[in-house]
Amino acid sequence: MGTVRTQVGIIGAGPAGLVLSHLLHLQGIESVVLESHAREYIEKRVRAGVLEQGTVDLLVASGVGGRLLRESLVHRGLEIRFDRRGHRIALADLTGGRTITVYGQQEVVKDLVAARLAAGGQVLFDAPAVEVQQLLSDRPTIIYEQRGERHVLECDVVAGCDGFHGVSRNALPPGALTIYERDYPFVWLGILAATPPSSEELNYAHSEHGFALHSMRSPSISRLYLQISRDDDLSQWPDERVWEELQLRLGNDDGWVLHPGPVLEKGATDLRSFVAEPMRFGRLFLAGDAAHIVPPTGAKGMNLAISDARLLASALAEWYRSGSEELLDAYSPACLRRVWRAEHFASWMTTLLHLHPDDDAFGRGLQRSHLAYVCSSQAAQMSLAENYVGLGAV
C-alpha cells in the first residue's frame with residue numbers, strides 16, 4: 001500500500017467537503033479530498049437547490065460565486081397555499097432585505113470542483129474510503145481504494161463529510177455518539193421536468209389530498225414534489241398522474257395553471273430527522289449529512305453542511321496558526337446550536353404542511369388553525385422568514 005501525507009484528510013466531495021477544502025486552501029492549509037464516485041456523477045447528482053443568504057455570501061466572498069451570481073434565481077418571497085388560496089410570505093421585507101437563492105447543489109459542486117482543480121488541489125475521484133484509523137492519535141489515517149489498489153492517507157485531522165451512509169461516523173467506537181432520530185410516515189415523490197416554472201417563487205401547498213411543492217432549478221427547469229404513501233411504488237405514479245395530482249394540490253381559485261413538460265428524473269425521498277452528538281471524536285470531525293439530516297421541507301440540508309465547513313475551516317486555521325485548540329473544542333457545540341434550530345424549523349414546516357395519516361379530526365383542525373395563523377400574522381410570518389433565509393446567529 002502506498003502512503004500519501006497531507007494536513008487535512010477529507011472524506012467526501014459534497015458541499016461540506018469541497019467548501020472545507022477550498023476555505024483551507026485560502027488559509028494555506030493542504031488537504032486531500034477522497035470521493036467514492038466519479039466526477040461526472042457528483043456534478044450531475046440532483047439534490048438540494050435553495051441557498052440561504054449567508055451561504056451565498058460565503059461562496060461569493062471566497063471567490064467561487066461568479067457563476068452563481070450570473071445564473072441563479074433570487075427570491076424575495078415564497079407562497080403557502082391552502083384552502084385553494086395563495087398566501088405570500090415576503091421574506092425580504094420581513095428580514096431586512098435577506099433573500100433566498102435557487103441554485104442547484106450539483107452546480108455548487110461543479111464550481112467548487114473546478115476551483116479546487118484549478119488551484120492544484122487534490123480531489124481523488126473513484127477513491128472510496130474504506131477505513132479510518134488512529135483517531136485518538138496525532139497521526140490518524142484513512143485507508144482508501146483507487147484503481148483496484150489500497151492506499152493510506154496520513155493526516156493531522158480527518159474531516160468526515162461522507163454523508164449518512166459513509167464510513168467516518170461508523171468508525172467511532174460504540175457509545176461515542178448519542179443518536180437522535182425521527183422518521184416521518186410519508187415520502188416525497190420528486191420530479192425534475194424540462195418546463196419553465198409556473199410561478200416566479202417557491203410554492204408550498206397543503207391540501208386535503210396531501211402536500212405539494214413547486215420549485216425550480218433554472219428558468220427552463222422545474223423541480224416539483226408530492227407527498228405520497230410509504231407503501232406506494234413509483235410504478236403507481238406515471239407522469240400523467242403526477243401532473244394531474246400536482247395541479248390538484250397546487251391549484252387555487254385564482255386560475256393558476258401548472259405547465260407540464262417532459263419528466264427528466266423521478267424518484268422517492270424518505271423524510272428523516274437525525275442528529276449525532278458530538279460532532280468530534282479525537283482528530284475526527286463530522287460535517288454535513290454524516291452528522292445530521294433534516295427533512296427537506298425547510299431547505300436546510302446543504303446550508304447546514306456549508307455552515308459546518310465554514311466553522312471547521314476557521315477552527316483549523318486558528319489551530320495551525322497559533323496551536324490553540326479553543327475553536328476546535330468549540331466546533332461541535334457551535335455547529336449543534338444551528339443544527340438543532342434547523343431541525344426544529346424543518347420539523348415544524350413538515351408538520352405544518354403535510355397530511356399525517358395518524359391524525360384525527362381534532363389534529364387536522366389544529367393544523368388548519370395554525371396554517372391560518374401563520375398566513376395572517378406578521379409576527380408568525382417574520383419567524384418563518386428569518387428561519388427560512390437563515391439566521392445570522394444562533
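Author: Two strands pair if DSSP finds at least two bridges between them; strands are DSSP runs of E, at least two residues long, and helices are runs of H or I, at least four, both numbered from the N terminus. The model here is predicted, with local features needing pLDDT of at least 70 and side-chain atom pairs pLDDT 80 or more, while totals for chains, interfaces and linings use all residues. Residues are numbered from 1 along each chain as its sequence is written, and side-chain values use heavy atoms, without hydrogens and water.

Reader: Which strand does a hairpin join to β17, and through how many residues?

Author: The hairpin joins β16 to β17 through 2 residues. Strand β16 (residues 210-218) runs antiparallel to β17, with 6 bridges between them; Ala212 is bridged to Leu226 of β17. Strand β14 (residues 178-193) also pairs with β17 in the antiparallel sense, over 7 bridges, and there Trp188 has Gln227 as its partner.

Reader: How many residues of β17 are buried?

Author: Buried means under 20% relative accessible area, with a 1.4 Å probe and protein chains only. In β17 (residues 221-228), 8 of 8 residues are buried. Ile221, Arg223, Tyr225 and Gln227 cover one side, and Ser222, Leu224, Leu226 and Ile228 the other.

Reader: How are two packed helices described?

Author: By the angle between their axes and the distance between the axes. Axes are lines fitted to C-alpha atoms over the stretch in contact, and angles between N-to-C directions run from 0 to 180 degrees. The axes of α10 (residues 326-353) and α12 (residues 378-389) come within 11 Å and cross at roughly 125°.

Reader: Which residues of α10 and α12 meet?

Author: With contact taken as heavy atoms within 4.5 Å, Arg341, Phe345, Trp348 and Met349 in α10 meet Leu384, Asn387 and Tyr388 in α12.

How values were computed: Buried < 20%, exposed > 50% of the residue type's maximum accessible area, 1.4 Å probe, protein only.
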